[in-house]
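Here is a colleague's note to go with the structure. Please keep the model open while reading the numbered points.

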Amino acid sequence: MKTSLVGLALLLAVVGCGATRQPVPPIPLPPLDAQPLTAGATAVGPDYRLQPGDLLRVKFVYHPELDVKLPVRPDGGINLQVAGDVHAAGLTVDELERAIVERTSDRLREPEVSVIVADVAELKVYVGGEVNAPGFVVFQAGMTPLQAIMSRGGFTDTARLDSVLRLSPSHPDNHATRLDFTRPLIEGSPEWTEVDAGDVLYVPRSFIGDVNAFVQLYIRNVLPISPRFGAGTSF
């Protein structure tokens with residue numbers, strides 16, 4: 001019995017020694033020039049461009065009474081007591097700081113402004129109009145307008161495909177374009193346009209859809225009885 005136990009122990013030792021150890025990947029260290037994260041700030045890179053919904057802390061170094069914490073509005077702007085409306089969406093943090101300094105230099109003596117991104121908004125693309133499920137989709141890099149619309153159930157039967165309105169509030173001039181989806185849907189041609197975070201896609205109604213809406217609004221909802229068509233048509 002004792003001999004068997006000793007043999008079993010030797011066998012386990014041999015198996016243990018023969019097991020292959022998985023290499024442990026090294027843990028990357030931060031760069032030597034990395035700056036500590038400010039309390040209440042979200043780690044964003046210097047190239048990050050502000051989006052509607054981002055929460056900002058705007059601090060005036062020599063005028064703390066003007067410090068404010070506010071979100072970027074859906075139209076891309078922010079409103080500051082001393083600077084008024086400033087368009088923030090699409091700018092980097094440094095660019096926004098310079099814009100605020102420029103707007104306040106005539107009211108404050110040598111203003112110094114610090115902008116901190118306290119929270120990054122969930123990036124969305126909004127889809128409305130003649131689609132089966134109007135709403136928003138979470139933005140993903142490389143997403144096309146057609147992919148965004150299909151994520152909301154696709155077009156309705158009364159959708160106008162050749163004149164979809166795209167609004168881009170993140171652009172300083174609220175860039176608006178019209179998109180034609182007839183070729184991608186009928187001919188299968190690829191899309192070359194990508195959406196940006198915060199874009200709004202509005203699918204208008206077709207002529208037939210307008211007629212149906214007219215009949216519903218001005219005939220069926222006005223007449224006390226439903227119209228009947230056919231031989232001997234009567235209302």
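Contact here means heavy atoms within 4.5 Å.

1. Overall picture. The model is predicted. Among contacts between residues at least 6 apart in sequence, 54% join residues at least 24 apart. The protein has five helices and 10 strands. Of its 235 residues, 30% are buried.

2. The three-stranded sheet. This sheet is open, its strand order is S2-S1-S5, and its pairing is antiparallel. Strands S2 (68–71) and S5 (113–119) stand at the edges with a single partner strand each, so one side of each has no neighbour in the sheet. Neighbouring strands here are turned by 25° against each other on average, direction ignored. S1 (residues 55–60) pairs with S2 over four bridges, in the antiparallel sense. Within that pairing, Leu56 stands opposite Leu70 in S2. Helix H2 (residues 93–104) packs on the sheet and touches S1 and S5. The direction of H2 makes about 135° with that of S5.

3. The five-stranded sheet. Which strand order does this open sheet have? The order is S7-S6-S10-S8-S9, and the pairing is mixed. S7 and S9 (175–179) are the edge strands, each pairing on one side only. From one strand to the next, the twist averages 20°. As background, strands of a sheet pair through backbone hydrogen bonds, either parallel or antiparallel.

4. S6 (residues 124–129) and S7 pair in the antiparallel sense over four bridges. Val125 stands opposite Val137 in S7, and Tyr126 stands opposite Phe136 in S7.

5. Tyr126 and Phe136 return here: together with Val138 they make a nonpolar surface patch of about 260 Å². Val138 lies in S7 (residues 135–138). Val138 has 41% relative accessibility, so this residue counts as partly exposed.

6. Gly128. This glycine sits in strand S6. Is Gly128 buried or exposed? Gly128 is buried, because its relative accessible area is 17% and the cut-off for buried is under 20%. Leaving aside neighbours within four places in sequence, Gly128 is in contact with Pro134, Leu201, Tyr202 and Val203. Gly128 and Ile149 are 21 residues apart in sequence, with 8.6 Å from C-alpha to C-alpha.

7. Pro74. Look for Pro74 in the loop between S2 and S3 (77–80). Its relative accessibility is 70%, so Pro74 counts as exposed. Beyond neighbours within four places in sequence, Pro74 is in contact with Pro52 and Pro169. Pro52 and Pro74 are 22 residues apart in sequence but 5.0 Å apart in space, C-alpha to C-alpha.

8. Salt bridges across the chain. Side chains of opposite charge can pair when their charged atoms come close. The count comes to seven salt bridges. In one of them, the side chains of Arg73 and Asp85 meet at 3.3 Å, N to O. This pair links distant parts of the chain, 12 residues apart: Arg73 is in the loop between S2 and S3, and Asp85 is in S4 (residues 84–87). Arg73 counts as partly exposed at 28% relative accessibility. Asp85 counts as partly exposed at 42%. Another salt bridge joins Arg166 to Asp199, whose closest N and O atoms are 2.7 Å apart. That pair also links distant parts of the chain, 33 residues apart. Arg166 is in S8 (residues 164–168), and Asp199 is in the loop between H4 (182–187) and S10 (200–203). Both Arg166 and Asp199 are buried.

9. Arg183 and Glu187 meet side chain to side chain in a salt bridge at 3.3 Å, N to O. Why are they separated by about one helical turn? Because they are four residues apart in helix H4. Arg183 and Glu187 are both exposed. Elsewhere, salt bridges that share partners join Arg73, Asp75 and Asp85 into one network.

Note on methods:
Residues are numbered from 1 along each chain as its sequence is written. This is a predicted model: local features need pLDDT of at least 70, side-chain atom pairs count only at pLDDT 80 or more; totals for chains, interfaces and linings use all residues. Side-chain values use heavy atoms; hydrogens and water are left out. Two strands pair if DSSP finds at least two bridges between them. Helices (H or I, at least four residues) and strands (E, at least two) are DSSP runs, numbered from the N terminus. Axes are lines fitted to C-alpha atoms, for helices over the stretch in contact, and angles run from 0 to 180 degrees between N-to-C directions. Patches are made of residues with over 30% relative accessible area and no salt bridge: like charges are joined within 9 Å, nonpolar side chains (Val, Leu, Ile, Met, Phe, Trp, Tyr) within 5 Å. Accessible areas come from the Shrake-Rupley method with a 1.4 Å probe; for residues, only the protein chains shown count as cover. A salt bridge is a side-chain nitrogen of Lys or Arg within 4 Å of a carboxyl oxygen of Asp or Glu. Buried means under 20% relative accessible area, exposed over 50%, partly exposed in between (1.4 Å probe, protein chains only).
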